[in-house]
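Try each task yourself before reading its solution.

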Amino acid sequence: GQEDGILINTIISQTGTLKNMSRKEFSDYIEKKGGIFSSSVTKKVDILVIGENPGSKLEKARKYQIPVMEEDEFFNKY
């Protein structure tokens, strides 16, 4: 894994079901790396991580032109 602090001031939201961890674990993971977990997609979100069966947040992210990352891609990078 990368060093802590890699996601400082990065706002991350998530939609769909993650294979690797629960939403709570994901939120803790983000915060441990210095990021901010947002349960809703707003224009301030930096990255939307998508799991299986992503919902309406994905449409919102596209509307706001928020970068979207697949779960595996995200964990490989962060």
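The exercises below go from the sheet to the helix and then to the cores of this predicted model.

**Exercise 1. Work out the strand order of the sheet, and explain why one side of each edge strand lacks a neighbour.**

Solution. Begin with the order: the four strands form an open sheet arranged 2-1-3-4, and the pairing is parallel. Next, look at the ends of that order, where strand 2 (36-37) and strand 4 (68-70) stand. Each of these edge strands has a single partner strand, so one of its sides has no neighbour in the sheet.

Now follow strand 1 to its partners. Two bridges join strand 1 to strand 2, and in this pair Ile11 stands opposite Ile36. Four bridges join strand 1 to strand 3, again running parallel, with Ser13 opposite Leu48.

**Exercise 2. Decide whether the residues of strand 1 are buried or exposed, and say which way they point.**

Solution. Sort the residues by direction first: Ile11, Ser13 and Thr15 point one way from strand 1, while Ile12 and Gln14 point the other way. Then check burial, and you will find that both groups are buried. That makes five of five residues, so strand 1 is largely enclosed by the rest of the structure.

Leaving out residues up to four places away in sequence, its contacts are Gly35, Ile36, Asp46 and Ile47.

**Exercise 3. Find the buried side of helix 1 and name what packs against it.**

Solution. List the buried residues of helix 1: Phe26, Ser27, Tyr29 and Ile30. These four cover an arc of only 160 degrees around the axis, which means that they lie on the same side of helix 1.

The packing partners of the buried residues are strand 1, strand 2, strand 3 and helix 3. As for the chain path, strand 1, helix 1 and strand 2 together make a right-handed β-α-β unit. Just after helix 1, Gly34 has a positive phi of about 90 degrees.

**Exercise 4. Describe the largest nonpolar core and say which elements supply it.**

Solution. The largest nonpolar core contains 14 residues, and Ile12, Phe26, Ile30, Val49 and Phe74 are those with the most contacts inside it. Trace the suppliers next: helix 1 (23-32), strand 3 (47-50) and helix 3 (71-77) each give at least two residues to this core. Helix 1 makes the largest contribution, with three residues.

Take Val49 as a worked case. Beyond residues up to four places away in sequence, Val49 touches several residues, including Ile12, Leu18, Phe26, Met69 and Phe74. Finally, note a second, separate core of eight residues, among them Leu48, Ile50, Leu58 and Ala61.

Note on methods:
Residues numbered from 1 in each chain as written. Predicted model: local features only at pLDDT ≥ 70, side-chain atom pairs only at ≥ 80, totals over all residues. Heavy atoms only, no water. Contact = heavy atoms within 4.5 Å. Pairing = 2+ DSSP bridges. Core = buried A, V, L, I, M, F, W, Y, C linked by side-chain atoms within 4.5 Å. Buried < 20%, exposed > 50% of the residue type's maximum accessible area, 1.4 Å probe, protein only. Arc of directions from axis to C-beta. Right-handed = clockwise from strand over helix to strand, strands pointing away.
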